[in-house]
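Keep your viewer open as you read.

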Amino acid sequence: MIDQSAIAKANDAAEAGLRRDYDALGEHLHRRGIDIGAIKHKVAGYGVAVPSWGVGTGGTRFARFPGPGEPRNIFDKLDDCAVIHDLTGATPSVSLHIPWDKADPADLKGKAEETGLSFDAMNSNTFQDQADQPLSYKFGSLSNADAATRQQAVEHNIECIEIGRAIGSKALTVWIGDGSNFPGQTNFTRQFERYLDAMKDVYKALPEDWRIFSEHKMYEPAFYSTVVQDWGTNYMIAKELGPKAFCLVDLGHHAPNVNIEMIVARLVQFGKLGGFHFNDSKYGDDDLDTGSIDPYRLFLVFNELVDAEMRAAEGFDPAHMLDQSHNVTDPIESLMVSAMEVQRAYASALLVDRAKLKGYQEENDALMATGTLKKAFRTDVEPILAMARLEKGAAIDPVSAFRASGYRAKVAGERPAVSGAGGGIV
Ligand SMILES: [Mn+2]
């Protein structure tokens, strides 16, 4: 998608400076007993999935302001995702959303082969009505009071599994908008029972080597109560369903100030952490770019993940995906920056001196313990990330290389302009 010689040209200009920065950081880390090459190797092997819906300009409940060259369909989206991976080397897979991305699986597979991408978790959609759908989800889907509506939602999830199976996916992520807007509107217990029964039917259709992720969200679109509202309910769901069921943590789906890294630790401890939707938030589910508001929290989440990785926690294999809405930036640029922010948090967490940290914890030395985390967080790991990219043939500076490539102008010439009328996410 991006001319390799253009990447090489931009890299040539920056390579000498990068090598000096990398060597200086390597020397600094060596004094701390850290091998920079080992960190770089881990970073190079790390990938985060891009959501297909993320490459289109997002919006709010109020409006959406599309940019030039908006993708017209899943094949355009996969082209954009390939650009992100070509330039960052950090996003080898794409997470599809059905029915938005519905297409002949053979064509999807063909496009994936052409672009060098693979497919991550499938995402079902029972939070809005489709044109050809007989029964409405206005009052819920998997937890709807009407059995035929629940059955329709179950069948949709099974269809997502079937499409995913044909294209090499290994997981289904289920997020529902079910809940209520008035006290008394629903019976909490009966509604949750209906949800669990419906999810059990979906679970039965999972292939042996698949996992199902349930994603909790505190509120919205239901504003009084939500069926899968927090990690406690999510854990109960995963326990009820069985060993192939796990909890998905979307960083934006919590109240402000909630200790998300501790939720992550709890789910790891009890073998139920399925994966992440990375993003950032200031007020609620703002779907802001990963690490744009609170990079330290992202680091603290990765601190827990690296801790689990180091002690080889049982069943620990979380899926990593981005899930954010790009309202005012070029989505390709935002996704590249976000993928690099996730990599940065991982690299920084790898620098934590865990032996020292454990010692300080045992001595109840709170100041030195927290300082040990801060020391890792404050170390600028950018030369490690950039060197990993250079060695993969990706760009030292992906955003500059993207802007210099002319890709956006090229696709704007091929893809018709989209009207900005109306609101709605994605
Ligand atoms: Mn999400």
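This is a predicted model: local features need pLDDT of at least 70, side-chain atom pairs count only at pLDDT 80 or more; totals for chains, interfaces and linings use all residues.

As a background for the first stops, most residues other than glycine have a negative phi, and most peptide bonds are trans.

Start with the peptide bonds. The one from Ile 98 to Pro 99 is cis, with omega near 15 degrees. To find Pro 99, look in the loop that runs between strand E2 (93–97) and helix H4 (105–115).

Asp 287 is not a glycine, yet its phi is positive, at about 55 degrees. Its place is the loop between strand E9 (273–278) and helix H9 (295–310). Is Asp 287 buried or exposed? Asp 287 counts as buried because 22 other C-beta atoms lie within 10 Å, and the cut-off for buried is 20 or more. Asn 364, another residue other than glycine, has a positive phi near 55 degrees. Asn 364 belongs to the loop between helix H11 (354–362) and helix H12 (366–378). Asn 364 has 7 C-beta neighbours inside 10 Å, so it counts as exposed.

Now return to helix H4 and its partner. Two packed helices are described by the angle between their axes and the distance between the axes. For helix H3 (residues 74–88) and H4, the axes come within 10 Å and cross at roughly 20 degrees. H3 is therefore roughly parallel to H4, since angles under 35 degrees count as such. The crossing of the two helices is right-handed. On the H3 side, the contact is made by Ile 74, Phe 75, Leu 78, Asp 79 and Ala 82, while H4 brings Leu 108, Lys 111, Ala 112 and Thr 115. These contact residues of H3 and H4 divide into 6 nonpolar, 1 polar and 2 charged.

The last stop is Val 328, in the loop between strand E10 (319–322) and helix H10 (331–350). Val 328 counts as exposed because it has 9 C-beta neighbours inside 10 Å.

Technical notes
Residues are numbered from 1 along each chain as its sequence is written. Helices (H or I, at least four residues) and strands (E, at least two) are DSSP runs, numbered from the N terminus. A residue is buried if 20 or more other C-beta atoms lie within 10 Å of its own, exposed if 12 or fewer, and partly exposed in between; C-beta atoms are placed from the backbone. Axes are lines fitted to C-alpha atoms, for helices over the stretch in contact, and angles run from 0 to 180 degrees between N-to-C directions. Angles under 35 degrees count as roughly parallel, over 145 as roughly antiparallel, 65 to 115 as roughly perpendicular and the rest as oblique. A crossing is left-handed if the near helix is turned anticlockwise from the far one by less than a right angle, and right-handed if clockwise. Two residues are in contact if their C-beta atoms, placed from the backbone, lie within 7 Å. Ala, Val, Leu, Ile, Met, Phe, Trp, Tyr, Cys and Pro count as nonpolar, Asp, Glu, Lys and Arg as charged, and the others, Gly among them, as polar.
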